[in-house]
Amino acid sequence: MVMISQNKKREILRKILASSKFAGSKSHQALLTYLIESSIKGKILKETTIALEVLGRDSNFNSNEDTIVRVHIHNLRTKLEAY
């Protein structure tokens with residue numbers, strides 16, 4: 001397994017965020033940045049945490065009723081594939 005340094009991950013992130021696929025999408029930029037930074041810090045993420053910390057949901061967020069995190073992750077994957 002190849003390990004990528006934190007600096008290299010951030011460099012790749014900056015390139016992706018500056019691309020035309022991501023330039024106009026602040027929410028996807030914020031989500032991708034959050035995911036990368038959390039990965040660098042070794043943070044274990046849960047759907048609720050993403051909803052609260054990135055997508056502005058309140059503490060009453062219920063992933064069974066609100067699919068916003070799954071929708072944003074799906075759309076982010078689509079953007080990354082296009083990139």
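Student: Which residues does Ser38 touch, not counting those up to four places away in sequence?
Tutor: Keep in mind that this is a predicted model. Ser38 sits in helix H2, and with a relative accessible area of 4% it is buried, because anything under 20% gets that label. Once residues up to four places away in sequence are set aside, the partners that Ser38 touches are Lys43 and Leu45.

Student: And Thr49, which residues is that one in contact with, leaving aside neighbours within four places in sequence?
Tutor: Thr49 belongs to helix H3. Its C-alpha atom is separated by 9.7 Å from that of Phe61, 12 residues apart along the chain. Leaving aside neighbours within four places in sequence, the contacts of Thr49 are Tyr34, Lys43 and Val54.

Student: Let's zoom out. In what order do the elements of the protein run from the N terminus on?
Tutor: Start with the count: there are four helices and zero strands. From the N terminus on, you read α-α-α-α.

Student: How many of the residues count as buried, as a percentage?
Tutor: The C-alpha trace spans about 35 × 30 × 20 Å along its principal axes. The protein exposes about 5,800 Å², and carbon and sulfur atoms supply 52% of that area. Of the 83 residues, the share that counts as buried is 30%.

Student: How far apart in space are Thr78 and Thr67, C-alpha to C-alpha?
Tutor: Thr78 is placed in helix H4, and its relative accessibility of 41% makes it partly exposed. In sequence, Thr78 and Thr67 are 11 residues apart. In space, C-alpha to C-alpha, the two are separated by 17 Å.

Student: On to charges. How far apart do the centres of the positive and negative sets lie?
Tutor: Side chains of opposite charge can pair when their charged atoms come close. In this protein, 14 side chains are positive and 8 are negative. The distance between the centres of the two sets is 9 Å.

Student: Which residue does Arg10 meet in a salt bridge?
Tutor: The structure holds six salt bridges, and this is one of them. The N to O distance is 2.8 Å, with Glu37 as the partner of Arg10. Arg10 lies in helix H1 and its partner in helix H2 (residues 26-41), so the bridge ties together parts that are 27 residues apart in sequence. Arg10 is partly exposed at 25% relative accessible area, and the residue it meets is Glu37.

Student: What is the N to O distance in the salt bridge of Arg70 and Glu47?
Tutor: The side chains of Arg70 and Glu47 do meet in a salt bridge. That pair links distant parts of the chain, with Arg70 in helix H4 and Glu47 in helix H3 (residues 47-53), 23 residues apart. Both count as partly exposed, Arg70 at 41% and Glu47 at 23%. Their N to O distance is 3.5 Å.

Student: Last one: which residues make the nonpolar surface patch of about 280 Å²?
Tutor: One member, Val2, is placed in the segment before helix H1 (6-18). Val2 has 74% relative accessibility, so it counts as exposed, the cut-off being over 50%. The patch of about 280 Å² is made by Val2, Ile4 and Ile12.

Key:
Residues numbered from 1 in each chain as written. Predicted model: local features only at pLDDT ≥ 70, side-chain atom pairs only at ≥ 80, totals over all residues. Heavy atoms only, no water. Helix = DSSP H or I, 4+ residues; strand = E, 2+ residues; numbered from the N terminus. Buried < 20%, exposed > 50% of the residue type's maximum accessible area, 1.4 Å probe, protein only. Areas by Shrake-Rupley, 256 points an atom, 1.4 Å probe, with all protein chains shown as cover. Lys, Arg positive; Asp, Glu negative; His and termini not counted. Charge placed at Lys NZ, Arg CZ, Asp CG, Glu CD. Patch = residues over 30% accessible without salt bridge, like charges linked within 9 Å, V, L, I, M, F, W, Y side chains within 5 Å. Salt bridge = Lys/Arg side-chain N within 4 Å of Asp/Glu carboxyl O. Contact = heavy atoms within 4.5 Å.
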